[in-house]
Amino acid sequence: MERLSLHLPLADRVYRSILDAICEGELAPGQRITQDELAAQLAVSRQPVLQALRLLKTQGFVRDSQRRGVVVSSLDPTFIAHLYEVRSALDGMACRAAARRGQADAKLWGPKLIADGRAAVRSGSVPDMIAADMRFHLFLHELSGNPLIAETAALHWQHIRRVIGGSLRRRYLEWQGIWDEHAAILDAVMRGDADAAERAARQHAEAAAVHLIQSIESEAAPKKIGERS
């Protein structure tokens with residue numbers, strides 16, 4: 001995390017910086033964090049850090065641990081399953097509407113987003129890959145012409161962002177294929193095929209959830225004697 005400029009509201013800046021570190025994996029699930037360490041790293045006092053941690057705790061990104069103090073919350077498979085049921089429905093709805101209303105803008109701006117996403121994968125930058133993925137899905141929400149879709153998704157977007165990061169770190173070698181899936185969604189939208197657009201969007205979200213949940217459960221499973229870590 002980088003030091004913060006003091007001319008901006010500190011509580012908001014500290015919150016955003018810690019949240020970014022959690023979503024991008026710089027602060028890993030289960031990692032212990034302290035007010036003093038964060039304050040020193042961000043070059044601020046303990047008070048804005050305390051305010052940020054309170055909000056992050058309310059939102060479920062950090063939690064109290066009796067023996068270790070405050071730790072980064074783990075990625076919970078049940079929560080991910082519920083979150084992606086919502087995401088699948090919203091993305092499917094957005095892409096169906098986008099195919100009906102947003103074909104022109106999809107053709108105009110969509111290919112550049114796909115190219116940027118593939119470039120982010122080639123760069124190997126986790127923050128760039130997460131940002132490119134989010135830009136693409138937010139673009140689809142905008143194309144729908146229904147502002148309530150984006151507003152509903154925004155309630156959960158930071159958790160979705162964190163899950164995207166978790167998936168990315170476990171599926172790095174597959175991310176060019178994931179952008180192939182994005183390209184297929186965009187193609188259906190540009191063709192005005194509402195059924196295909198919704199189907200591709202739902203399959204994309206559901207496959208991501210299944211893979212991440214399986215990965216988390218596999219990592220958490222006790223290893224057999226003699227099995228390599």
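# Cores, helices and strands

Modeller: Welcome! Ile80, Tyr84 and Val189 touch the most other members of the largest nonpolar core, which holds 46 residues. This is a predicted model, where local features need pLDDT of at least 70 and side-chain atom pairs count only at pLDDT 80 or more, while totals for chains, interfaces and linings use all residues. Residues are numbered from 1 along each chain as its sequence is written, and side-chain values use heavy atoms, leaving out hydrogens and water.

Biologist: What makes a set of residues a nonpolar core?

Modeller: The members must be buried Ala, Val, Leu, Ile, Met, Phe, Trp, Tyr or Cys residues, joined through side-chain atoms within 4.5 Å. Buried means under 20% relative accessible area (over 50% is exposed, in between is partly exposed; 1.4 Å probe, protein chains only). In soluble globular proteins, nonpolar side chains tend to be buried together.

Biologist: How do you know what counts as a helix or a strand?

Modeller: Both are DSSP runs numbered from the N terminus: a helix is H or I over at least four residues, a strand is E over at least two. By that rule the protein chain has 10 helices and three strands.

Biologist: What is Val189 in contact with, beyond its neighbours within four places in sequence?

Modeller: Contact means heavy atoms within 4.5 Å. Among the partners of Val189 are Cys95, Leu140, Leu143 and Ala197.

Biologist: Why is Arg87 called buried?

Modeller: The relative accessible area of Arg87 is 4%, and the cut-off is under 20%, so the word applies. Arg87 lies in helix 4. Leaving aside neighbours within four places in sequence, Arg87 is in contact with Asp133, His137, Ile160 and Ile164.

Biologist: And why is Arg162 called buried?

Modeller: With a relative accessible area of 5%, Arg162 is buried too. This arginine is found in helix 8. Between Arg162 and Leu19 there are 8.9 Å from C-alpha to C-alpha, although they are 143 residues apart in sequence.

Biologist: How do you know which strands pair?

Modeller: DSSP must find at least two bridges between them. Strand 2 (residues 62-65) and strand 3 (residues 69-72) have four bridges, in the antiparallel sense, so they pair by that rule. Val62 has Val72 as its bridge partner, while Ser65 stands opposite Gly69.

Biologist: What makes strand 1 (32-33) and strand 2 edge strands?

Modeller: The three strands form an open antiparallel sheet in the order 1-3-2. Strand 1 and strand 2 each pair on one side only.

Biologist: At what angle do helix 2 (residues 35-42) and helix 3 (residues 46-59) cross?

Modeller: Their axes cross at roughly 115° and come within 9 Å. Axes are lines fitted to C-alpha atoms, for helices over the stretch in contact, with angles from 0 to 180 degrees between N-to-C directions. Where they meet, Gln35, Asp36, Leu38 and Ala39 of helix 2 face Arg46, Val49, Leu50 and Leu53 of helix 3. Helix 3 also lies across strand 1, strand 2 and strand 3, at about 95° to strand 2.
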